[in-house]
Amino acid sequence: MVYKETYKGRYKVANPKKYKGDLSEIVYRSSWELKFMRWCDFNKNVLEWGSETTIIPYKSPVDSKVHRYFVDFYIKVKSKDGKVGKYLVESNQKNLLNLQLSQKRKQKGLYKKFLTMVLIKLNGNKLMNTV
């Protein structure tokens, strides 16, 4: 049986003033997450960022208990026209879709105007700039 090697580890931040969260607890679970962390860390338009720093409580339809969902990334960026936006970035489209469908009505406070959920897509090996 052939096992696929997982790509995970701890990320060491080069620009700690930009990171919002515990610098000793930054873990990537895929090569995509590592690339995105580097992009956030070194991109001059990313003003601040965090990994799994945003927690969304939700009630599970399976056991009716409240659980916590950790969004992959939070970023605050300055666009080309100088406007600053805050984004939640989810690296797994299926997880984001499930979260939106099950929580959109219950967690309306999360969907405020100043906070937009986006997917940053990977185009080959290059991150597409969507902001």
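Modeller: What follows is a set of questions and answers about a predicted model.

Biologist: Why is the pair Arg10 and Glu25 called a salt bridge?

Modeller: The rule asks for a side-chain nitrogen of Lys or Arg within 4 Å of a carboxyl oxygen of Asp or Glu. Between Arg10 and Glu25 the N to O distance is 3.9 Å, so the pair meets the rule.

Biologist: Where in the chain do Arg10 and Glu25 sit?

Modeller: Arg10 is in strand β1 (residues 9-10), while Glu25 is in the loop between β1 and β2 (27-28). They are 15 residues apart, and the pair links distant parts of the chain.

Biologist: Is Arg10 buried or exposed, and how do you know?

Modeller: Exposed means over 50% relative accessible area. Arg10 has 56%, so Arg10 is exposed. Glu25 has 47%, and buried would mean under 20%, so Glu25 falls in between and counts as partly exposed.

Biologist: How many salt bridges does the rule give?

Modeller: The count is two. Glu52 and Arg29 also form one, with their closest N and O atoms 2.8 Å apart. That value is within 4 Å, so the label holds here as well.

Biologist: What makes Glu52 and Arg29 a link between distant parts of the chain?

Modeller: Glu52 belongs to strand β3 (residues 46-59), and Arg29 to the loop between β2 and α1 (31-42). The two residues are 23 residues apart.

Biologist: Why is Glu52 called partly exposed?

Modeller: Its relative accessible area is 28%. Arg29, at 46%, is partly exposed by the same cut-offs.

Biologist: What is noted about the phi angle of Glu52?

Modeller: Phi of Glu52 is near 55 degrees, a positive value in a residue other than glycine. Ser64 has a positive phi too, near 60 degrees. Ser64 is in the loop between β3 and β4 (66-78). With 48% relative accessibility, Ser64 is partly exposed.

Biologist: Which residues touch the most other members of the largest nonpolar core?

Modeller: They are Tyr11, Phe36, Met37, Cys40, Trp49, Phe73 and Ile75, out of 18 residues in this core. The elements giving two or more residues to this core are α1, β3, β4 and β5 (84-89). α1 gives the most, with six.

Biologist: Which residues does Trp49 contact beyond its neighbours within four places in sequence?

Modeller: Among them are Tyr11, Val13, Met37, Cys40, Phe73 and Ile75. The contact list of Trp49 also includes Lys18, Lys20 and Asp41.

Biologist: What makes β4 and β5 a pair of strands?

Modeller: Pairing needs at least two bridges. Six bridges join β4 to β5, so the two strands pair, and they run antiparallel. Tyr74 stands opposite Leu88 in β5. The hairpin has five residues between the strands, and Gly82 there takes a positive phi near 90 degrees.

Notes:
Residues numbered from 1 in each chain as written. Predicted model: local features only at pLDDT ≥ 70, side-chain atom pairs only at ≥ 80, totals over all residues. Heavy atoms only, no water. Helix = DSSP H or I, 4+ residues; strand = E, 2+ residues; numbered from the N terminus. Buried < 20%, exposed > 50% of the residue type's maximum accessible area, 1.4 Å probe, protein only. Core = buried A, V, L, I, M, F, W, Y, C linked by side-chain atoms within 4.5 Å. Contact = heavy atoms within 4.5 Å.
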